Amino acid sequence: MPQGTLEVLLVSAKDLENTEFLSKMDPYLILTCQTQEQRSSVASGQGSEPQWNESFVFTVSDGASELNLKIMDKDTFTKDDFVGEATVPLDPLFTEGSLPPTAYSVVKDGEYCGEIRVGLTFTPERSSSRECCEEEQNYGGWKESSEEESVRFVYQSQMLEKSSEFPLRCVIVPYLVMLRVVS
């Protein structure tokens, strides 16, 4: 399974079942990806056609296969009402990298009760050469270095050259630093 960052754009919902009798409901979402949970703002007074246009970021690790969206109605004096939920499969996102805002069915007790629109973007985690190999690779006695180590090495060699009676020659090949003492 891919690892990286999942960005969710919560756009809107429509045709939600109104849980209020005398007024419009105040919907909000609880978004869950694996063990991470985030909550949207309350779309006060927007009833069954709320709009959010909010973004959420999750860290995706092995085993993430879906995003769960639970729609609730905020109540002041009583427990918040459950409106419905949608499950968004993540496998198509891992393949495409980005999905435009798409409508997903909201269900409650197995029955359709509206739809929710979300857009998704997945940014894979970049792996360094150190993560892909358990042991450092050596090339003819030369140690492979990261770009950051190369810059640090060059700076240290310049400092050493200024304080040394032997000048140093430095050759930089991407991710490989070679130093040679010239006498």
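Some ground rules. The model is predicted, so local features need pLDDT of at least 70 and side-chain atom pairs count only at pLDDT 80 or more, while totals for chains, interfaces and linings use all residues. Residues are numbered from 1 along each chain as its sequence is written, and side-chain values use heavy atoms, with hydrogens and water left out.

The chain has three helices and twelve strands. Those elements are DSSP runs numbered from the N terminus: helices are H or I with at least four residues, strands are E with at least two. Of the 183 residues, 33% are buried. Buried means under 20% relative accessible area, exposed means over 50%, and partly exposed is in between, with a 1.4 Å probe and protein chains only. Take the contacts with a separation of 6 or more: 56% of them join residues 24 or more positions apart. A contact means heavy atoms within 4.5 Å.

Now confidence. pLDDT is the predictor's confidence in each residue, from 0 to 100. The mean for the chain is 79, and 68% of the residues reach 70 or more. Where pLDDT is low, the predicted coordinates should not be read in detail.

Next, strand E2, residues 27–33. How many of its seven residues are buried? Seven of the seven, so E2 is largely enclosed by the rest of the structure. In a regular strand the side chains alternate between the two faces of the sheet. In E2, Pro 27, Leu 29, Leu 31 and Cys 33 point one way, and Tyr 28, Ile 30 and Thr 32 the other.

What does E2 pair with over six bridges? Strand E5, residues 66–73, in the antiparallel sense; pairing requires at least two bridges found by DSSP. Leu 31 has Leu 69 in E5 as its bridge partner. E2 also runs antiparallel to E3, joined by four bridges, with Cys 33 opposite Gln 36. That hairpin has two residues between the strands, and Gln 34 takes a positive phi near 55°.

Last, Ser 12, in strand E1, residues 4–14. Ser 12 is buried, because its relative accessible area is 11%. Beyond four places in sequence, Ser 12 touches Pro 50, Gln 51, Trp 52, Ile 116 and Arg 117.
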